[in-house]
Each structure stands twice: as structure tokens, then as C-alpha cells.
Amino acid sequence: MFPIGRMSLWTCRRLIAPGVLLSRRCLSSGGGKCPGPVVASRILAAIDFDKTIVARDSYLVVSELLPAEKRGKKLDDLVKRCGWMTYIETVLKQLYTEHKVDSTAVGRCVRLIEPVPGMMRLLRQLAGMPQLDMCIISDSNSYFIDEWLRDRGIADLFCAVFTNPACVQSSGELLVLPFEDQTQCDLCPANLCKGAVVQQLIDTGVYKQVVYVGDSCNDLCAMRHLRPVDVACIRRGFELYGKMPAHGRELKCRVVSWRDGHELDANLLPIILA
Ligand SMILES: [Mg+2]
Ligand SMILES: [Zn+2]
């Protein structure tokens with residue numbers, strides 16, 4: 001387990017064991033198990049990071065630190081052929097070895113990404129609900145997410161961040177490692193099945209309702225694990241929303257669409273406060 005401020009970052013699936021509660025109350029009392037039987041009394045808001053909390057794909061933003069001639073089709077094709085992990089590994093390696101761009105400069109770049117409009121207010125509102133826990137499930141990485149959340153002063157709002165762990169070498173080079181190496185789910189990349197994370201959070205038995213907020217196809221697996229009582233919040237005008245005519249029937253949960261944090265606030269809060 002790698003600490004991120006006062007949050008806990010689970011980098012390994014087996015660390016999420018049934019009965020381990022993720023509420024701030026439990027974490028703040030030492031992170032141990034709560035005594036007594038588990039009662040499904042809480043709400044979990046599990047939120048994607050790129051293009052859901054922050055307005056852009058963090059990996060694409062960081063790739064823009066490379067000179068224009070180093071970007072383009074060849075780099076884009078890497079995402080299609082090998083996935084985002086290979087993409088960011090390649091970008092960070094090039095930035096460091098060829099352009100002397102270290103973790104400090106990368107962090108500075110990430111911190112400049114704007115939030116999705118209205119999202120900061122919504123996150124603070126959700127965090128203020130005593131019955132609600134918030135976590136991030138993201139295919140970005142712990143360094144980018146931590147840099148951004150701390151800069152905005154909202155790191156403490158989240159109980160946990162499930163993402164690819166990153167580490168800064170003594171040289172200043174930033175390395176990103178896979179969250180896992182899974183072969184169970186062919187909908188997700190090998191380095192992270194968001195659906196497996198959501199399922200294990202549901203299996204804790206703590207949550208009477210799970211709200212999952214995301215924008216892209218890598219959020220579909222997570223949403224497929226939601227129960228009829230749960231809510232999938234799909235960003236309108238973005239990748240996953242466009243696929244819903246084909247995939248909508250795969251979801252058992254209630255679906256809410258949103259364009260920005262203001263609209264999500266208006267559409268989601270009446271449901272979870274009902
Ligand atoms: Mg996203
Ligand atoms: Zn999956």
C-alpha cells in the first residue's frame with residue numbers, strides 16, 4: 001500500500017478484501033477493520049479522473065511537452081496498438097532522456113489542467129455528505145492524480161485512489177507501473193480492470209448504493225458491474241455516451257447523463273438524497 005497524503009492507494013487487487021471498509025471514519029481511526037457486522041448503509045461515489053474530474057486526458061497533456069515533430073501519428077498509433085501504459089512510458093522516457101524533462105516539470109504541466117466546469121463544487125458537496133465515500137478509479141497514475149488533487153487542495157476528499165502507481169527515481173525520472181497484470185477481462189487493458197475494482201468495493205457489503213462517474217469506454221466495464229440500485233453517470237458528448245445505443249442494454253443500473261459538474265450536480269444529487 002502506497003500512501004498518498006492522508007489517502008490510501010491500493011495498488012493490488014488482493015488488498016481490497018471483503019469487510020475492509022473504505023469510509024473516512026474507518027481510515028481516520030487507523031485504517032483497520034471496523035468492529036461488528038458489515039451493514040450496507042453507505043453510498044460510494046467512484047469517479048474517473050481524465051475528462052471527468054479534469055477537462056483533458058492527462059497523458060495527452062503531458063505528451064505536449066514533447067516537440068511537435070516527436071508527436072503525431074506514430075505516437076497516436078501506440079495507444080491503439082499497445083494501450084495507454086505503453087504510450088505514457090514512451091512519452092516519459094523520451095521527455096527525460098531526450099529533453100531533460102523530469103518529474104517536477106511533468107507535475108507542473110499536470111497541475112495546469114483545468115477541472116471540468118462545476119466539478120470542484122460538486123466534489124466538495126459530495127465529500128460533505130456524512131454517509132458518502134468518494135474514490136477515484138483511473139487509468140492515469142498516482143503521481144499525476146496526487147499532484148493535481150494536492151494543488152487544488154482536495155486530496156483529502158477521497159478515501160482511496162485506484163490507479164497505476166508511479167515513482168520518482170533519484171535522478172528525477174518519473175516511472176509509471178501497472179496497477180495489475182490481469183487476464184480475466186478482455187474489455188479492459190491488462191494493467192487495470194475498473195470493473196474488478198468496482199466489484200470488490202461492492203463485495204465489501206458496505207455500500208447500499210454505488211455511483212460511478214465516467215466518460216469513456218474504459219468506464220463501461222465498471223458500469224456493467226453496477227446493480228439496479230446503483231447509478232452510472234455517463235458524460236454526454238464523449239466516447240462512452242456515443243456507444244450507449246450499442247451497449248446500453250448491458251447495464252442493469254440507472255443511467256444519468258451529464259455534460260459538466262453543474263449538470264451532474266442537478267441530475268445526481270436528487271437521486272442519492274432520495
Ligand atoms: Mg476518463
Ligand atoms: Zn474489465
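The legends below describe close-up views of a predicted model.

Local features are reported at pLDDT of at least 70 and side-chain atom pairs only at pLDDT 80 or more, while totals for chains, interfaces and linings use all residues. Residues are numbered from 1 along each chain as its sequence is written, and chains are lettered from A and ligands numbered from 1 in the order in which they are written.

**View 1. Confidence of the model.** pLDDT is the predictor's confidence in each residue, on a scale from 0 to 100. The protein has an average pLDDT of 88, and 87% of the residues score at least 70. Two residues are in contact if their C-beta atoms, placed from the backbone, lie within 7 Å.

**View 2. The annotated aspartates.** An unreviewed UniProt entry places the feature "binding site" at Asp 48, Asp 50 and Asp 215. They span 168 residues in sequence, yet no two of their C-alpha atoms are more than 8.3 Å apart, so they gather at one spot. The unreviewed UniProt entry also places the feature "active site" at Asp 48 and Asp 50. UniProt positions are given in the numbering used here, feature names are shortened, and annotations may be inferred rather than shown by experiment.

**View 3. Asp 48 and its contacts.** Asp 48 is found in the loop between E3 and H2. Helices (H or I, at least four residues) and strands (E, at least two) are DSSP runs, numbered from the N terminus. Asp 48 counts as buried, with 25 C-beta neighbours inside 10 Å. A residue is buried if 20 or more other C-beta atoms lie within 10 Å of its own, exposed if 12 or fewer, and partly exposed in between, with C-beta atoms placed from the backbone. Apart from neighbours within four places in sequence, Asp 48 is in contact with Ile 137, Ser 138, Val 213, Gly 214, Asp 215 and Asp 219.

View 4. Asp 50 lies in the loop between strand E3 (42-47) and helix H2 (58-63). Asp 50 is buried, having 24 other C-beta atoms within 10 Å. Not counting residues up to four places away in sequence, Asp 50 touches Asp 57, Ser 58, Ser 138 and Ser 140. Lys 51 also lies in the loop between E3 and H2, but is partly exposed, with 18 other C-beta atoms within 10 Å. Lys 51 is not a glycine, although its phi is positive at about 60°. Most residues other than glycine have a negative phi.

**View 5. Asp 215 and its surroundings.** The loop between strand E8 (207-214) and helix H8 (220-224) holds Asp 215. Asp 215 counts as buried, with 22 C-beta neighbours inside 10 Å. Leaving aside neighbours within four places in sequence, the contacts of Asp 215 are Asp 48, Lys 51, Thr 52, Arg 235, Phe 238, Glu 239 and Leu 240.

**View 6. The kinked helix H3.** Helix H3 (residues 73-99) spans only 20 Å between its end C-alpha atoms, whereas a straight helix of 27 residues would span 39 Å at 1.5 Å a residue. The expected span is 1.5 Å times one less than the number of residues. H3 has a kink of about 135°, centred on Cys 82. The bend at a residue is the angle between axes fitted to the seven residues ending there and the seven starting there. Buried residues in H3 are Trp 84, Met 85, Tyr 87, Ile 88, Val 91, Leu 92, Leu 95 and Tyr 96. Their cover includes H2, helix H4 (103-111), strand E4 (132-141), strand E5 (160-164) and strand E7 (174-176).

View 7. Lys 100 is found in the loop between H3 and H4. With 9 C-beta neighbours inside 10 Å, Lys 100 counts as exposed. Its phi is near 55°, a positive value in a residue other than glycine.

**View 8. Strand E5 beside E4.** E4 and E5 run parallel and are joined by 4 bridges; two strands pair if DSSP finds at least two bridges between them. Ile 137 stands opposite Phe 162 in E5. Of the 5 residues of E5, 5 are buried, so E5 is largely enclosed by the rest of the structure. Ala 160 has its place in E5 and counts as buried, with 23 C-beta neighbours inside 10 Å. Ala 160 and Cys 135 lie 25 residues apart in sequence and 4.9 Å apart in space, C-alpha to C-alpha.
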